[in-house]
Amino acid sequence: MPDTYSTLLIERHADGYAVVTLNRPESLNALNSTLLGELVAFLDTVENDDSVRCLIITGSGEKAFAAGADIKEMADQTYAEMYRSNFFSEGADRLARFRKPVIAAVNGFALGGGCELAMLCDIIIASEKAKFGQPEINLGVAPGIGGSQRLTRLVGKSKAMDLILTGRTMDAQEALASNLAARVYPHETLLDECRAMASKMASQSLLALMANKEMVNAALETTLTQGVQFERRLFHSLFAFEDQKEGMRAFVEKRKPAFKHR
């Protein structure tokens, strides 16, 4: 059954990854309820699908990854309506719970909700044209998809305060120097580089991918002692799987492993 959505374009690749393109170019891929709902639906579809072991999320068009949340959808909402619907929670919380690696291929503006969406991914790879920011203060509001929390953890208090309280943007090189982005590539080669990275990840054992992702995420929310203990127990647990036996046997036999994800 094809992946058909009104606000997403989906490409599945034989190498074991999928590219999810946010497809609202008329609004610079602004995040609305429909887009976030469709993203949740797709994540649910591939969570337990071993043929998709890694995701790339990017934006359609030449200008934006996602220029923010859809202001038109929010402008007239009351506090009661926002609170009752727990606005933004469904899509953001679902992506945060997704167990497989997710690469954000930031091809342009990643502002407000777009920056927060990128930070919900595991790795941010930026084009030289990328621009990052949390400019919600210019609208008289604040980040609402975790921006104040994740940005501070990634770039530190002073830089986060700088960006959030002034509403300014930073370019790809500043994002790289600030530890927000992992790599920066020319705009024309961004997706090719991300595809190569996703293909490399997807060639690994899916069980090991998920365990390693879980370990790294734990480092942001535990003490060092707790984190090391958690890592050690997950490391021990991987010896219960066939892929560990295959991986180590292949190393000894000087050949490429044939992981079966079990």
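Author: Let us begin with charged pairs: a salt bridge is a side-chain nitrogen of Lys or Arg within 4 Å of a carboxyl oxygen of Asp or Glu. This is a predicted model, in which local features need pLDDT of at least 70, side-chain atom pairs count only at pLDDT 80 or more, and totals for chains, interfaces and linings use all residues. Residues are numbered from 1 along each chain as its sequence is written, and side-chain values use heavy atoms, with hydrogens and water left out.

Reader: How many salt bridges does a search of the whole structure find?

Author: The search finds 15 salt bridges. One of them joins D162 to R168, with N and O 2.8 Å apart, and R168 also meets E174 in a salt bridge at 2.6 Å, N to O. These residues belong to a network of salt bridges that links K159, D162, R168 and E174. Another salt bridge pairs E253 with R255, whose closest N and O atoms are 2.7 Å apart.

Reader: Is D162 buried, partly exposed or exposed?

Author: Relative accessible area decides this: buried means under 20%, exposed over 50%, and partly exposed in between (1.4 Å probe, protein chains only). D162 counts as partly exposed because its relative accessibility is 26%. R168 is partly exposed too, at 27%. In the other pair, E253 has 45% and is partly exposed, and R255, with 34%, is partly exposed.

Reader: How many disulfides are found in the whole structure?

Author: A disulfide is a pair of cysteine sulfur atoms within 2.5 Å. The search finds zero disulfides. For C121, the nearest cysteine sulfur is that of C54, 10 Å away. For C194, the nearest is again that of C54, at 9.5 Å. C121 is buried, with a relative accessible area of 7%, and C194 is buried at 0%.

Reader: Which residues lie nearest the centre of the largest pocket?

Author: They are C121, D122, V216, N217 and L220, out of 32 lining residues. This pocket holds about 950 Å³ of space. Helices (H or I, at least four residues) and strands (E, at least two) are DSSP runs, numbered from the N terminus. Helix 10 gives the most to this lining, with eight residues.

Reader: What is the volume of the second largest pocket?

Author: It is about 630 Å³. Of its 28 lining residues, A69, I71, M74, L139 and V141 are the closest to its centre. Helix 2 gives the most to the lining of this second largest pocket, with three residues.

Technical notes:
On a 1 Å grid over the protein atoms alone, a cavity is a set of points where a 1.4 Å probe fits but cannot get out, and a pocket is an open set with protein on both sides within 12 Å along at least five of seven lines; lining residues have an atom within 4 Å of a point. Grid points are joined across faces, edges and corners, and a volume is the space filled by probe spheres set on the points.
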